[in-house]
Amino acid sequence: MYRGVLIVLVVFATFCARAQDALNAFTNRADQVLRSKWGFGVNEIPIYCSTNPLVRYNGGIHWLLQQAVNAYDQTNHTVGDFDFPSVFRPQFAVVTNDQCVAALITNWVEAADDYLNITARPFKASGDPTLSSDDNVWGIGMVIGVKPAVPIFNEFGYLNNFNVSRKLLFRRNQPGTRPFATNQMYVLSLSNIFGCSALNTSTQALPRDVTMYFTNSANIRLVNELGLGTTSSFTNGATQIIVCNQWPKNTYVGTNMYKVLTNTVFTLPTSGYVEGKGVFGPADNAHFELNAGLPVHSWFVEVTNRVVYALIDNVSGRMLDFVNYDQFGTSVEMMQRLQTLQLSYLSPWQTNGANSSLFSPASIGVLNQISVVTNSTRTADYIPQPGASSYLTAFLNGTDNTSATLMECPYQPSATVQQTTKWWVATAFPVGLEVMSPGDRCTIDEMASATSFLAHIPIGNIASLNLTQNSGNWQGIQITQITSDSNNLSLQFNSYTDGQYGIWSSPNLLNWGFVGVAAKLTNNVYGFSGVANGAAATLYFQARKF
């Protein structure tokens, strides 16, 4: 029994000695390069100064620390069946001198297997006066050595779904008279999903069971140009367990990437904007505002993120990777993206003629919204209903035979703008596979980013369009011509975006089957001709972009 205890003690003592050797080697080398480059040592790194906003932890400092740990890990290896990286955690102190209140990194400790304890401690801003030694500081991660078989953090991104529709309500004092007022209600909603990915750039599959941990603390604002709207703050996350040998080696085709995504967050449920109060409220017809005019607004979606990611070995509990990014994000205006929608020549989203003030006159888009109905114009999100044109025209002229004093415009244009934004560490391969260069665990200011937008008609509108065999619609792509019999199917549609499109069919708007690939016929015109493959029996068709 005593021999077993002695063996355990010897192994533990050896592990502690190795950890101390690694820590000493790291701090000695880091101290030399930091003093040479920046003029301060490894235990006196400034991260905040109350009188100088330029004092902060940055990518240049982190790079030198990274090189110091890499120099040790390249020639020193852990005992056992897997070569684990060294992991060092900074400790902090707040000091006051005659120039400012400052925060510094004052010490480093080995922290390879301390993930749960570390993340249980508070995360604070570098300028927080309550910052203590073992707190976490946003934007300052741990320094982790690079080992050839360890996957690395690669990318963070999010998708914002901004939905907007506009209702119009016509009011008159009594039957047989013209309306004295037109009221509008903008109905908006916003949802978000976040995610990150990591890559195995090794020449072998990862021979360990691991868990990816991802957490994002987000602040999201949906506000107009007046700063009025709504704000939502939340923290969400996700985990992904990858079993031994199931994380493939670098194949240069993306199969070595694992992604983890959060659940969808509805930061603004479907709500109507109340002009007089500058807030969101119920979107039902009882809440149309009187005497508010017909203003138009720019709507900005502002997203700020604080991201923590870790990769943990399930057997040993040791950290393989860890990143901690401070406030970063985007602020984008969504309404202007709707100008890319080619619904018809009567676009409901034109803003000419209106402004953002109360009692604004009607925009061209509002007038077009009415004209679509009165002219029985088919658009990508409106199919004329029998009698709608004559009924609305008569109501507006006061020549109808009804007792109604209120009428809602039958056409309520709706659209969705999808914003996709991502940050990635580096691009190391020419095939578009975004990976981190070996030895490079950057701060957020060293990362590349890109934002793209897609404006379309919400797919949820399909069921309300009452499509027939001679018409079809999907996400803003209008099918203009369909003929089919038991053997053949032929159709055409317009698209103002080049790309590859496919045709799907459905008997019930729920279950869709692939029919074939469309071909580009002329500018903005695509078509499909071929064997129907059972599509002739269906009532509905969709054109989708791959």
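Tutor: Before we start, a cavity here is a set of grid points where a 1.4 Å probe fits but cannot get out. Keep in mind too that this is a predicted model.

Student: Happy with that! How many cavities of 30 Å³ or more are there?

Tutor: Rolling a probe the size of a water molecule over the atoms shows where empty space is left. With the cut-off set at 30 Å³ or more, the count of cavities comes to three.

Student: And how much space lies in the second largest cavity?

Tutor: The lining includes Arg89, Phe92, Asp135, Met142 and Asn324. By class, the second largest cavity is lined by seven nonpolar, three polar and two charged residues. The space inside the second largest cavity is about 70 Å³.

Student: Which strand gives the most to the lining of the second largest cavity?

Tutor: Three strands each supply at least two residues of that lining: S2 (87-96), S5 (136-137) and S15 (319-333). The one that gives the most, with three residues, is S2.

Student: Let's turn to the rings. Are the planes of Tyr158 and Phe194 stacked, edge-to-face or tilted?

Tutor: A search of the whole structure finds 21 aromatic pairs. In this one the ring centres of Tyr158 and Phe194 are 5.8 Å apart, and the planes meet at 55 degrees. Planes under 30 degrees apart count as stacked and over 60 as edge-to-face, so what remains is tilted.

Student: How many residues apart are Tyr158 and Phe194?

Tutor: Tyr158 is in strand S7 (residues 152-171), while Phe194 is in strand S8 (residues 181-199). Both Tyr158 and Phe194 are buried. The pair links distant parts of the chain, and the separation is 36 residues.

Student: What kind of pair do Tyr273 and Trp299 make?

Tutor: Tyr273 lies in strand S12 (residues 265-274) and Trp299 in strand S14 (residues 299-313), so the pair ties together parts that are 26 residues apart in sequence. Tyr273 and Trp299 are both buried. Their ring centres are 4.9 Å apart and the planes are at 80 degrees, so the pair is edge-to-face.

Student: Nice! Which ring does the charged end of Arg166 sit over?

Tutor: There are two arginines worth a look here. Arg172 lies over the face of Phe395, at 4.0 Å from the ring centre. For Arg166, the charged end is 5.3 Å from the centre of the ring it sits over, and that ring belongs to Trp349.

Methods: Residues numbered from 1 in each chain as written. Predicted model: local features only at pLDDT ≥ 70, side-chain atom pairs only at ≥ 80, totals over all residues. Heavy atoms only, no water. Phe/Tyr/Trp six-rings, centres within 6.5 Å; stacked < 30°, edge-to-face > 60°. Helix = DSSP H or I, 4+ residues; strand = E, 2+ residues; numbered from the N terminus. Buried < 20%, exposed > 50% of the residue type's maximum accessible area, 1.4 Å probe, protein only. Lys NZ or Arg CZ within 6 Å of the ring centre and 35° of its normal. 1 Å grid on protein atoms, 1.4 Å probe; cavity = no way out; pocket = protein on both sides within 12 Å on 5 of 7 lines; lining within 4 Å. Points joined across faces, edges and corners; volume = space filled by probe spheres on them. Nonpolar A, V, L, I, M, F, W, Y, C, P; charged D, E, K, R; others polar.
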